[in-house]
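Please consult the sequence and structure below alongside the text.

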Amino acid sequence: QYSPTSVPGADGELDPTEITLPGCPCRRSSCQAAECPCLSRGQNHGAQNYSGWRLAEQPEQREFSRPVFECSSLCGCGPGCQNRLVQRGLRLRLQVFRTRCKGWGVRALEPVAAGSFVCEYAGEVLGAAEARRRSRAQAPQDPNYIIAVREHLHDGRVLETFVDPTRVGNVGRFLNHSCEPNLFMVPVRVDSMVPRLALFAATDIPAGEELSYDYSGRFHNLPETSREHKPPEEGNSLRKPCYCGSRTCASFLPWDSSLFSTP
């Protein structure tokens, strides 16, 4: 079932459509950072792109990135506000196509400028228990669409978001992994603390080039915060080969052992 945005999971634990964040009192057509509570909460991505988040500009550092909050349906600003981007949805002409050895893939039918919003990774938003149950129920030959996003807060807490587009989702479910991707993912909050998993161009992408992102998010992860590591020998059969063809290919798709282990 196609859905442009994420929906509540069958377990009923989280509702990404619920409006829980307060709106801003701004009455301008476009909010200003000095006056808008939404913009002051985190990092403003601007009207068109996330130019400050490009992969090539991410140094090896320990600083935390500021979260991203867009203006919501409760805000006083207009629909043309510069702080409304991901919520406007897909604007590019994308095509799902059959790749040579990776099944389906996605490409853009027009050039994509670095930092541009491409699409959301939408699906059922699950609780940890249901995400783990579904992962453990998969056979080795089954495709795995469940993504686990962990945001590490400065105080040591970890916010987890699990999205499964197996049954309900959008074009994002067809994006393949690459060890040298041209997209990167940013959790963006609009109406609630449940983030929307937004994908942006890491570099200028010519028309027709396959779109891909790193399933592990390793470009934004410090080694000690990543849960991607080699599984025990009995888990090797669950690992899937990587066919990205990049110079730095890791040979296998990223592995998150936490979804396949007993909590």
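In this predicted model, Tyr-121 has a relative accessibility of 4% and therefore counts as buried, the cut-off being under 20%. The ring of Tyr-121 is paired with that of Tyr-213, a residue that is likewise buried, with a relative accessible area of 4%. The points below set out this pair, the other aromatic contacts described here, and two further regions of the chain.

**Aromatic pairs**

- The search of the whole structure finds 4 aromatic pairs.
- One of the pairs is formed by Phe-117 and Phe-200, with 5.5 Å from centre to centre and 55 degrees between the planes, and it is classed as tilted.
- Phe-117 belongs to strand β5 (residues 117-120) and Phe-200 to strand β11 (residues 196-201), so this pair ties together parts that are 83 residues apart in sequence.
- Both Phe-117 and Phe-200 are buried.
- In the pair of Tyr-121 and Tyr-213, the ring centres are 6.3 Å apart and the planes stand at 65 degrees; because edge-to-face applies over 60 degrees, the pair falls in that class.
- Tyr-121 is located in the loop between β5 and β6, whereas Tyr-213 is in strand β12 (residues 210-213), so the pair ties together parts that are 92 residues apart in sequence.
- Phe-117 and Phe-200 also belong, with Phe-184, to one aromatic cluster.

**Charges over rings**

- Arg-41 places its charged end over the ring of Phe-69, at 5.3 Å from the ring centre.
- Trp-104 has Arg-98 over its face, 4.2 Å from the ring centre.

**Helix α2 and its cover**

- Helix α2 spans residues 128-137, and its buried residues include Glu-130, Ala-131, Arg-132, Arg-134 and Ser-135.
- Among the elements that cover the buried residues of α2 are β6 (124-126) and β8 (158-164).

**The loop position Pro-67**

- Pro-67 is found in the loop between α1 (37-41) and β2 (68-69).
- The relative accessible area of Pro-67 is 35%, and Pro-67 is therefore partly exposed, a class that lies between the 20% and 50% limits.
- Although Pro-67 and Leu-153 are 86 residues apart along the chain, their C-alpha atoms are separated by 9.8 Å.

Methods. Residues numbered from 1 in each chain as written. Predicted model: local features only at pLDDT ≥ 70, side-chain atom pairs only at ≥ 80, totals over all residues. Heavy atoms only, no water. Buried < 20%, exposed > 50% of the residue type's maximum accessible area, 1.4 Å probe, protein only. Helix = DSSP H or I, 4+ residues; strand = E, 2+ residues; numbered from the N terminus. Contact = heavy atoms within 4.5 Å. Phe/Tyr/Trp six-rings, centres within 6.5 Å; stacked < 30°, edge-to-face > 60°. Lys NZ or Arg CZ within 6 Å of the ring centre and 35° of its normal.
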